[in-house]
Amino acid sequence: MTALLAVEGLTVGYRTRQGLAAVVHDVSFEVEPGQVLAIVGESGSGKSTTGHAVLGLLPGNGQVLGGRIRFRDQVLTELGPRGWRDVRGRAVSLIPQDPAVSLDPVRRVGHQVEDVLRLHTDLDARARRERVHELFDLVGFTDVERHYAQYPGELSGGMRQRVLIASAIAVEPDLIIADEPTSGLDATVQKQVLDLIDDLRVRSGTSVVLVTHDLGVAADRSDRIGVMQDGRLVEHGPTADVIADPQHAYTRRLLDSVPSRLAFARERVEVPADREVVVEVADLRKVYGDVPAVDGTSFAVRRGETFSIVGESGSGKSTTARVLTGLTRATSGRVSILGADVTDLGRRAFRPLRKDVQIVYQNPYASFDPRFDVYQVVEEPLRSLREGPRPRGRRPYRDQVVAALEAAALPADFVDRHPRELSGGQRQRVAIARALVIEPKVVVLDEPISALDVSVAAQILELLRRLQAERDLTYVFISHDLAVVRAISDRVAVMRHGRIVEQGPVEQVFTAPQTGYTVQLLDAIAGRDLTVGVP
Amino acid sequence: MTTLVDARPAPAPAPAGTRPAAPVRALRLLRRHGVLVVALAVVALVLAWAVLPGAFTGHDPIAVDPAGKLAPPSAEHWFGTDQLGRDLYSRVVHGARASLSGAAVAVAVGVVLGALLGALAGWFGGLLDSVIGRGVDVLLSIPGFLFAITIVVLLGFGIVQAAVAVGLTLTATFTRLVRAEVLKARTSTYVEAATTSGASTFDILRRHVLPNSLASTLALVTVQFGIAIIWIASLSFLGLGAQPPEPEWGRLVAEGRSYIATRGWLTLWPGLTIVAVVLATNHISRHLSGRDDT
């Protein structure tokens, strides 16, 4: 079989003030008809740039510096703007990364899909409309007439992504470039979207280049995998071979970073049931307006334990975290932390407890004052919660701040740097240092690794794990990612629509789920093939 | 969003030894920000006029010389003389003090009141926010200059009264801006993080909210400074601001207008000075607020 798409020695660069910098070096691969090639890599690896180069959609300062992209018998790298317009949409189409910004907010979604048909077919208005209805039906919309007339703002993230898929397949292209088609979607929605792409491939023999950071998705959904690191394709082969027997050290490292493979996940020691309860929540309700965000939840967390609350967006897990950290008051129910009843405490009255309860956010950079350097960020709890007058001198808490940074595995000289100079993982370590600098007993972790690359996330999990052992910390871990939750928790509560549908020891919930929703969530975990060692 | 913080990663520092010499760097700066340098120079010059008028002119701005009245510009009298024989250049230089201090008082009144009201509305929200917000709406619905005239009539004529009147009309704009900035900061994750770090409300306002609102406020200050100069000059032109014989740019234009057909320079020079200063402050303001989207 001849390849549908052949990329040979592709080198792509971006013009910057410092000159032309290559970000993709000498990348070669082929995609055969009906095949799915997954390009995996971490942020900055050049995977998206590669995908966009194939579509001729590099940003204005991007440029193909060398190599050839051949599609069927056409050399795409030699096309002019007019030639590209013929290829794009008709023969090769894109499913973009972010459904939230990829649709025109002031036009009906049906018309936006129709645009593709208007440009590439001779259908008249009625036929086009019918075809859009067919496409909407195909991507799983039930009420196609209504959705045709809706605006993007009226649709959820998953539905917008389906609209984009509908327009990508409108004229039945031979090749679809899917650039992180499911990042930012809930696990069950991700599964539906990926199933849909799979289904289309089987039905019409379309080839897919799937650009993703998620090895689990790549393992489940591709025939071949290409692993990119620093702009180079370091490993390339059939999916099963790459997963079972990775040749390159980087591929091995990526695979080892997958939550279900983390070494420490298998060496958990059970927390004795007779340890004191440090967080106790009984029949907690929190209502915003008329809408209950949390609707009668009860759970207890023992000292030294990691208790995870897992759920999809809107399940009420973050509201629970806000109540536990005294940022918002419960509507009813009872919350006690370290024996103190905090249910009716406002922000001010909660203050004495802040020494013992800290929080780490999903996006560390947003949680730092943009004017502060690392010292000022980490110092803040010491400064705010001190007793007595403020110590004199410049940077009086320097020793404690340095100690906290070192505990978070950061070098001491980071105190004088600004967070904007740090990488995402380093910033999250600074946030952890800030949470630990006053030696709290309970730490609420609100999606602490969701914004990080998989290998960095693994390091942060390892760090959290070590700190817990050293300091006998109690973690309340909020996450949407079941694979991560399984790797680090002792007990887990599954939330949906503000209620806890199931809770119990992590192994029990994962191996013998009691409710249909938990089963559905577990089914949606990508990359179960990657699991080794855990039965 | 308007902040002075540059979110881009810091460029790699040039290796030691290759840093260009100071004059070369100054020249590059001039080439990239030429207009800005000129604008800063104009503002610096008129500020110097206001602080040390004696250093720029030897003539007394109110010394009358009937023999030399209405003389055209010359080496002795750079801008010529007025109908009483007073040196016009000297009057423009000395007029800077009244015009600029008037504008400064006006902006100060606007910023202080606006920051206070805006911070209250943004931080506490609820009924207070509604009351302040509707008050601002009412204020903005009245044409600003007419409102300023009304206040001057109530307060009495004079440069200070004119400045306070202009300041009160500027309050509405500052209130809106500060309210929006405080609201943005109040709901930001870093303020929430400061709360969980145990910071008191006062500390949060002082250390996080106000400093982070400052950058965009500063940009508005410079642009409103230019507007205040025009309005105060306009009030003086109408005879509601600076009173004779005190020199003030708006008054100088008013005094010269009887002779505009035959002695055009009497209105031209003060007028051009006002235009130059306002354009300069506008450009500086645009630079301050435009840092983010470049």
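This is a guided tour of a predicted two-chain model, stop by stop. Residues are numbered from 1 along each chain as its sequence is written, chains are lettered from A and ligands numbered from 1 in the order in which they are written. Local features need pLDDT of at least 70 and side-chain atom pairs count only at pLDDT 80 or more, while totals for chains, interfaces and linings use all residues.

**Stop 1: chain B overall**

Select chain B. It has 10 helices and zero strands; helices (H or I, at least four residues) and strands (E, at least two) are DSSP runs, numbered from the N terminus. The C-alpha trace of chain B spans about 75 × 60 × 30 Å along its principal axes. Of its 294 residues, 41% are buried. A residue is buried if 20 or more other C-beta atoms lie within 10 Å of its own, exposed if 12 or fewer, and partly exposed in between, with C-beta atoms placed from the backbone.

Among contacts in chain B with a separation of 6 or more, 70% join residues 24 or more positions apart. Two residues are in contact if their C-beta atoms, placed from the backbone, lie within 7 Å.

**Stop 2: helix 3 against helix 8 in chain B**

Select residues 88-124 of chain B, which form helix 3. Axes are lines fitted to C-alpha atoms, for helices over the stretch in contact, and angles run from 0 to 180 degrees between N-to-C directions. The crossing is right-handed; the near helix is turned from the far one by less than a right angle, clockwise for right-handed and anticlockwise for left-handed.

Show side chains. On helix 3 of chain B, the contact includes Gly102(B), Ala106(B), Gly110(B) and Trp123(B). On helix 8 of chain B, Leu205(B), Phe225(B) and Ile232(B) are among the partners. By class, this contact has 12 nonpolar, four polar and no charged residues. Ala, Val, Leu, Ile, Met, Phe, Trp, Tyr, Cys and Pro count as nonpolar, Asp, Glu, Lys and Arg as charged, and the others, Gly among them, as polar.

**Stop 3: helix 9 of chain B**

Move to residues 249-256 of chain B. Eight of the eight residues in this helix are buried. Trp249(B), Arg251(B) and Glu255(B) are among them.

**Stop 4: the interface**

Show both chains. Here 19 residues of chain B are in contact with 21 residues of chain A. Which helix of chain B gives the largest share of its side? Helix 7 of chain B does, with seven residues. The chain B side divides into nine nonpolar, eight polar and two charged residues.

**Stop 5: strand 3 of chain A**

Select residues 36-40 of chain A. Five of the five residues are buried, so this strand is largely enclosed by the rest of the structure. Val36(A), Ala38(A) and Val40(A) point one way, Leu37(A) and Ile39(A) the other.

Strands pair if DSSP finds at least two bridges between them. Centre on Ala38(A). It stands opposite Leu210(A) in strand 8 of chain A and opposite Ile225(A) in strand 9 of chain A.
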